[in-house]
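Hi everyone, thanks for coming.

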Amino acid sequence: MSNSAIERAAAATPPKLARRVRGLSDRAIAWIFVAPTIFLLLAVNIFPLIWTIRLSFTNYRVNRPNAEVEWVGLRNYQRILTDEDIWQTMQATAHFLIWTIVLQVLIGFALAWLINKKFRGDNFWTTIIVLPMMLSPAVVGNFWTFLYQPQIGLFNYVVSFFSGVDPSSFSMIGEVSLAPWAIVIVDTWMWTPFVMLICLAGLRSIPTSIYEAAECDRASPWRQFWTITVPMVLPFLMLAVLFRGIENFKMFDLVVQLTGGGPGSTTELTSINLKREAFEKWRTGYASAYAIILFVTVFGLASIYVKALNKVKER
Amino acid sequence: MSDFSVIAASRTQKWVAGTLVVGYAVITLLPLLWIIATGFKSPSDAIAYPPKIFFEPTLEGYVNLFTTRTRQTAEFLAANPPQTWYEEIVRKYDMVIAGPSRFGGRFMNSVIIGFVSTFLSVFLGTLAAYAFSRFRIPLKDDLMFFILSTRMMPPIAVAIPIFLMFRALGLSDTHAGMIMLYTAVNLSLAVWLLKGFIDEIPREYEEAALIDGYTRFQAFYKVVLPQAATGIASTAIFCLIFAWNEYAFAVLLTSGTAQTAPPFIPTIIGVGGQDWPAVAAGATIFLLPVVVFTILLRKHLLRGITFGAVRK
Amino acid sequence: MKTRIALMSAAVGALFAGAQTASADDLTLCWAAWDPANALIELSKDFEAKSGHTMSFEFVPWPNFADRMLNELNSGGQLCDLMIGDSQWIGGSAESGHYIKLNDFFEAEGITMDDFIPATVAGYSEWPKGTPNYWALPAFGDVVGWTYRKDWFEMPELQAEFSEKYGRELGVPETLAELKDIAEFFQGREIDGKTVYGAAIYTERGSEGITMGVTNALYNYGLTYGTADEPYKLDGVVNAPEVAEGLEFYKELYDCCTPPGSSDWYMSENIDAYKSGQVALQMNFAFIWPGVEADPNVGGGKSGYFPNPAGPGGHYAQLGGQGISVVSYSDSQDAALEYIKWFAQPEIQAKWWELGGYSALKAVVEDPDFATSQPYAQTFLDSMAIVKDFWAEPSYASLLLAMQDRVHDFVIAGNGTAQEALDGLVEDWTEVFEDDGKI
């Protein structure tokens with residue numbers, strides 16, 4: 001390090017300020033640096049969480065400021081867990097979650113594998129492919145309703161162009177049998193690049209020496225793929241699945257713009273259902289209990305999953 | 001090496017891989033190109049069957065996006081000939097421009113809330129990340145995990161108590177409220193990303209500075225900060241993109257004064273139904289900055305989307 | 001002496017002007033984004049000129065209107081000074097104190113509710129219903145009615161074919177069954193080289209669409225909300241077998257005679273379909289009629305209008321429309337009241353009708369020239385005479401969401417039977433009223 005640069009920098013610091021901070025120990029600085037973050041997160045996350053837990057035991061409703069708030073114990077929880085409609089939204093969420101992850105993993109991995117062949121312009125095309133995931137899901141989701149319109153929508157037209165089906169004969173977001181797939185398609189379109197990028201990092205982390213050794217042993221490419229590539233990428237892939245899982249469990253903006261939960265309640269994912277309870281019916285206490293149940297579910301599932309992930313990494 | 005080498009692909013393999021990837025890229029780009037194209041269509045071209053790939057471009061969508069229009073009587077129209085090119089476009093429908101639309105304001109809200117919250121979260125995040133990276137802090141791992149776990153809550157669940165809190169504090173539909181909320185939400189990302197970046201800066205630099213008589217604070221902002229500049233910049237862009245795209249909080253906690261563009265754009269309607277060219281025009285203007293940022297971010301993209309868990 | 005008077009009047013004038021500028025407020029009026037709102041901008045220019053206040057408008061499209069505005073009210077927001085809120089919000093807004101009570105103001109300004117169409121006073125202003133407690137001034141009368149392609153109905157070859165098939169003339173339907181016949185007749189027909197469909201009806205899921213549509217069938221098959229003696233009696237009333245028949249009718253109409261892909265349609269989609277010549281009939285609120293008349297494709301005599309046809313159990317139509325209220329969180333309540341006072345004047349109301357706003361003032365609609373002033377004026381009057389509204393309870397949103405869910409699930413998604421859908425609805429509604437402590 002050049003001494004002169006440091007001396008110059010030291011000289012440039014106003015003496016008053018320097019004196020004031022010089023007196024601080026590392027420990028004090030550590031706390032000064034961390035405190036605002038912790039404080040803000042406490043104020044915006046933990047305090048509300050505690051408030052939500054409290055509310056979840058009451059029948060409080062935001063739109064009834066004058067009504068008496070009663071303590072109802074575990075009744076909200078009991079009602080939610082025995083409500084068939086809520087189990088239905090859980091099923092819709094599970095369908096959405098499982099299929100988006102399956103498709104995104106398959107397509108994402110395949111793309112990463114192809115890009116890793118390092119053809120000319122691979123960096124440019126990777127950037128192009130990544131674009132959808134960076135865009136606003138609400139704005140894009142809204143526009144997809146236009147693409148999905150029977151007859152005039154691009155999607156129906158493209159499908160009819162390739163399959164010969166009449167473009168006005170089906171409505172992706174209007175039919176019970178198609179709507180769950182309509183949201184899977186858009187989510188896959190948006191988020192496959194995410195899985196792809198992570199897989200690509202995984203593929204690039206494999207040292208070439210391993211393949212070289214395998215080739216010396218005359219292992220077939222097929223065998224190399226299954227014994228080297230897949231196991232080495234697996235931790236990365238599992239991480240991608242974790243992120244997509246949490247994100248899609250929380251899914252709201254994209255689907256609310258696409259289908260609004262319809263037709264009927266076919267695509268009413270838990271977040272959309274929760275929004276109805278909390279901000280349309282204004283059953284605040286009930287919705288709070290609902291929110292806590294969801295939070296515990298995500299947290300529990302994610303913790304179990306992270307344990308599994310760590311095991312895979314250790315191997 | 002043989003043709004089947006996994007390490008270095010053959011020409012044919014490269015060619016096939018390239019074609020498949022480019023094919024996918026083109027398909028994936030179609031919806032975005034369609035948004036841009038629709039922005040330049042007239043309303044009747046936009047809903048034509050079959051969809052029109054070639055059309056006569058017009059700025060109607062953009063005019064409709066930025067103005068409100070009212071219908072007028074034939075006498076009024078005859079007495080007041082159009083003065084500008086955009087007046088002329090509107091006249092085709094026997095309408096006159098009554099004033100600016102709310103899009104400009106909503107777009108500015110996005111800009112203000114996005115930039116201020118990004119600045120705050122990166123500022124606070126850098127301090128916290130430095131402390132987490134360099135000092136011994138009790139329960140460090142737990143604190144870091146706590147910071148991350150705040151992102152697991154569904155936004156709707158968080159919004160319930162926040163709604164009550166904002167109402168009690170008079171923060172509903174205010175810039176200050178939204179900035180505070182987005183700052184808090186982005187902080188976890190900022191801390192995790194920046195800790196990764198700062199971890200990579202060798203401690204020796206600071207130690208040398210400390211030996212030379214620097215205070216800890218001077219070492220931080222004269223030595224560490226410049227080294228972390230790229231990391232801070234890319235973190236900032238990630239925070240900005242999040243704030244820019246956020247919808248759930250915006251739709252539940254703002255109604256007008258502080259409403260950002262994402263909840264607004266889907267509600268742009270013309271006479272009768274949704275005015276798709278205007279919606280597409282709004283979407284184009286709104287999405288374009290993110291496209292630019294994404295291209296700038298290329299190198300750090302992976303890190304950003306995985307909270308620093310995967311580094312290239 | 002003369003100078004003194006002049007001086008004094010100057011002083012008074014200055015005082016007055018000073019007072020005016022001091023209290024010149026910027027009022028924000030919140031309403032739905034639709035044609036009448038644009039007419040209100042025009043109308044309000046007169047208020048701005050006369051009062052010195054400036055007006056801003058926050059218009060939200062119908063599918064988001066209730067969501068956004070109730071959120072705004074419940075958060076105690078100050079965005080809106082004046083709210084033209086939907087009729088069903090009145091109970092909740094009165095009980096939660098979102099609106100200020102207008103009785104004293106009406107009394108002081110000599111505004112009396114006797115001057116307004118009774119159905120609109122009951123629908124838009126009163127809470128509790130049937131009591132003289134007013135929270136809004138009827139601002140925009142509206143009701144579901146039907147628009148039809150007169151030019152198609154008058155085609156001789158179609159008339160001939162129709163009377164051969166159904167044994168009566170092709171004309172305005174008297175009953176819902178006749179309406180379905182006509183829709184069926186047009187469905188899939190080739191007219192002017194284009195395939196057309198029967199009817200555009202409300203099927204929207206997200207806000208209130210399908211409920212506002214299906215009630216037009218249900219009322220006329222005998223649906224009542226509770227009974228006269230027991231206002232919250234639901235079982236055996238709401239899910240009576242004849243009401244289930246009405247629900248089946250709506251599903252049959254949807255299945256047989258609507259355009260493909262119309263599974264999530266409300267006002268604007270119906271307008272689009274009608275104006276682009278896709279359908280022979282459309283169900284829609286009366287507010288669209290001025291726009292239809294002015295439309296280059298379907299206006300100028302090509303369209304006709306009729307009230308919702310009768311069914312086996314009665315003759316009703318779903319009430320729409322809104323009253324104008326002052327938001328209690330507003331800082332400019334006095335100026336907002338000034339606006340209402342200005343708006344209630346007979347000449348302003350007359351101009352309101354001229355610009356395409358449906359005035360609810362008796363003086364306007366009972367004018368001898370009113371019925372002939374527009375082709376749809378008589379239909380509007382006939383329709384307003386048979387209105388019925390959805391629940392206006394404070395829990396209306398929960399009631400509405402349950403109905404949206406149950407009805408959409410049966411009519412559009414095709415799950416279960418009509419009876420099961422209504423049984424489920426009774427269950428949901430009972431739960432809501434139990435939570436409210438009403439039963």
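So, which residues have the most contacts inside the largest nonpolar core? They are F143(A), L197(A), I198(A), C199(A), A159(B), A199(C) and L247(C), and that core has 313 residues. A nonpolar core here is a set of buried Ala, Val, Leu, Ile, Met, Phe, Trp, Tyr and Cys residues joined through C-beta atoms within 7 Å. Buried means that 20 or more other C-beta atoms lie within 10 Å of a residue's own; exposed is 12 or fewer, partly exposed is in between, and the C-beta atoms are placed from the backbone.

Quick housekeeping. This is a predicted model, where local features need pLDDT of at least 70, side-chain atom pairs count only at pLDDT 80 or more, and totals for chains, interfaces and linings use all residues. Residues are numbered from 1 along each chain as its sequence is written, while chains are lettered from A and ligands numbered from 1 in the order in which they are written.

Back to F143(A). Leaving out residues up to four places away in sequence, F143(A) touches I35(B), V279(B), A280(B) and A283(B); contact means C-beta atoms, placed from the backbone, within 7 Å.

Now chain B. Chain B has 16 helices and two strands, which are DSSP runs numbered from the N terminus (helices: H or I, at least four residues; strands: E, at least two). Its radius of gyration, taken over C-alpha atoms, is 25 Å, well over the 20 Å that the globule rule gives for 312 residues, so chain B is more spread out than a compact globule. That rule is 2.2 Å times the number of residues to the power 0.38. The C-alpha trace of chain B spans about 85 × 70 × 40 Å along its principal axes, and buried residues make up 54% of the chain. As for pLDDT, the predictor's confidence in each residue from 0 to 100, chain B has a mean of 87.

On to chain C. How many of its residues are in contact with chain A? It's 22, meeting 23 residues of chain A. On chain C's side, α19(C) gives the most, with six residues.

Chain C is also divided into domain 1 (26–142 + 320–388) and domain 2 (144–319 + 392–436), with bounds from an automatic or database domain assignment. Their centres, over C-alpha atoms, are 26 Å apart, and 31 residues of domain 1 of chain C are in contact with 30 of domain 2.

That's my tour, thanks!

Conventions: Two residues are in contact if their C-beta atoms, placed from the backbone, lie within 7 Å.
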